[in-house]
Amino acid sequence: MNADGTRPPRVEKCPAITIFDGHNDAVQYLREYRPGGRDFLVRSDDGHLDLPRAREGGLIGGLFAMFAKPERPPEADLIKSGSGYEVRLAGPLESTYARDRIDAQLRALNQLVDRANGQIRWARNVDQIEAGQRDGAFVMVLHLEGAEAIGPDLDNLEQLYAAGLRSLGLVWSRPNIFGHGVPFAYPRSPDTGPGLTATGAALVRACNRLGIMIDVSHLNERGFWDVAALSTAPLVATHACAHAICPSTRNLTDRQLDAIRASNGVVGFNLCVNDVRPDARLDADTPLDTVVDHLNYLMERLGEDCVALGSDFDGAVMPRPIGDASGLRHLVAALRARGFDDVTLRKICLENWLRVFRLTWRCAGRRRAVACAWRPCPEAPGPAGGRRA
């Protein structure tokens, strides 16, 4: 009640938007994996992701990437020019070493789930993601970034699937026996080398058979088109942006985006500043308007059913206005301010991932036209892309 006896105007609260994230590298920093690492259950000011910050930002879970870093970090691999940069393509990893690193990361994640006492759960299907959301538990879906830990006979793929693997990127930005990743470069086309090997084609077919989602992030353009020709599942990039806005090798051309849309797939919008900014500067002082402009372009090109979030937390430099997982609420607020309504926000933040998981995990080994009831994503309703309030 005001001093004059009148009631203050009622402030309408916006409904909470829950978020599922398509990519993070948090396992690299877990105390279960590395000496002196972070406790995921305790809020930290380091890095981007832990359970308290996830809850503050409305994040209910995500794809947790296992990734084998090289034994010795490369030196002097960055080449700068007046107009851009190139990072020399990383060399291949030895398979036994990569498998040892991936096994250690899987053990670390399992140990984290065990000691979380129900606060964190594994999810191997959409029902488990939705159950975790209802119960207030954080859910992790296992992802492999770069398939070096899988040998040419693909036997380890079955073992990883049994352990919970549901998403796989054939390559990181280096070559392996399956294909060729793009070097990090700007401005440059992602058409940087040959396509998939015969073993890579066999891996695509094996993933389709098992119902493992195939991630085309980091894959060069010829490899992308090979996956598009071979795969029976929707095309997915878990963490990528638009080449038309920022012509980095890591970003997807309009033609690639159109193919993803036609397959009923999804692009997880990457928050890495040097892939978001049109000038590709590695600058955390990137305004939210710049972030929203880039996401809006994806909406216009792909439609509201084919865009999601794929932050790259703990693997890239984030825009300072977002900062870490707790700042995802600022991104949601900026999208609302730009006119995105809650129906569209729920699709971007959660529902589009669940839709693609259902198609991919349910339709293992079946042909597009027969079992998956394929249809193009609906046309974007209006020039702004996405339903507006």
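**Contacts, helices and enclosed space in the predicted model**

Leaving aside neighbours within four places in sequence, Ser-173 is in contact (heavy atoms within 4.5 Å) with Leu-89, Ala-90, Gly-181, Val-182, Phe-184, His-218 and Arg-250. The structure is a predicted model, in which local features need pLDDT of at least 70 and side-chain atom pairs count only at pLDDT 80 or more, whereas totals for chains, interfaces and linings use all residues. Residues are numbered from 1 along each chain as its sequence is written, and side-chain values use heavy atoms, with hydrogens and water left out.

Ser-173 is found in the loop between strand E7 and strand E8 (185-186), where helices (H or I, at least four residues) and strands (E, at least two) are DSSP runs numbered from the N terminus. With a relative accessible area of 2%, Ser-173 is buried, a term that denotes under 20% relative accessible area, as against over 50% for exposed and values in between for partly exposed (1.4 Å probe, protein chains only). The side chain of Ser-173 makes a polar contact with the side chain of His-218 at 2.8 Å, and the side chain of Ser-173 also reaches the backbone oxygen of Val-182 at 2.8 Å. A polar contact is here a pair of N or O atoms within 3.5 Å; within protein, one atom must be able to donate a hydrogen and the other to accept it, and residues adjacent in sequence count only if both atoms are side-chain atoms. Between Ser-173 and Asn-220, which are 47 residues apart in sequence, the C-alpha to C-alpha separation is 8.7 Å.

Helix H2 (residues 95-115) contains Gln-105, which is buried with a relative accessible area of 0%. The side chain of Gln-105 makes a polar contact with the side chain of Tyr-33 at 3.2 Å, and, when residues up to four places away in sequence are not counted, Gln-105 touches Val-27, Gln-28, Tyr-33, Ala-65, Met-66, Phe-67 and Ala-68. The end C-alpha atoms of H2 are 30 Å apart, in agreement with the 30 Å that its 21 residues should span at 1.5 Å a residue, the expected span being 1.5 Å times one less than the number of residues. Among the buried residues of H2 are Tyr-97, Ile-102, Gln-105, Leu-109 and Val-113, and the buried residues of this helix pack against strand E2 (59-66), strand E5 (120-122), strand E6 and helix H4. At the start of H2, a side-chain oxygen of Glu-94 comes to within 3.0 Å of the backbone nitrogen of Thr-96, while Asn-117, which follows the helix, has a positive phi near 55°.

Helix H5 (residues 198-210) has 13 residues and reaches 19 Å from its first C-alpha to its last, close to the expected 18 Å. The buried residues of H5, including Gly-200, Leu-203, Val-204 and Cys-207, pack against helix H4 (155-162), strand E7 (165-169), strand E9 (213-215) and helix H6 (221-230). Just after H5, Gly-211 takes a positive phi of about 90°.

Further backbone features occur in loops. Tyr-186 and Pro-187 are joined by a cis peptide bond with omega of about -15°, and Pro-187 lies in the loop between E8 and H5. Leu-154, in the loop between strand E6 (138-145) and H4, has a positive phi near 65° and is buried, with a relative accessible area of 13%. Ala-280, in the loop between helix H8 (273-276) and helix H9 (288-302), has a positive phi near 60° and is likewise buried, at 7%.

Grid points are joined across faces, edges and corners, and a volume is the space filled by probe spheres set on the points. The largest pocket holds about 1300 Å³. Of the 49 residues that line the largest pocket, Asp-77, Val-87, Trp-172, Phe-184 and Gly-315 are the closest to its centre. The structure holds 1 cavity of 30 Å³ or more, and about 60 Å³ of space lies in the largest cavity, whose lining includes Val-182, His-218 and Arg-250.

Technical notes: 1 Å grid on protein atoms, 1.4 Å probe; cavity = no way out; pocket = protein on both sides within 12 Å on 5 of 7 lines; lining within 4 Å.
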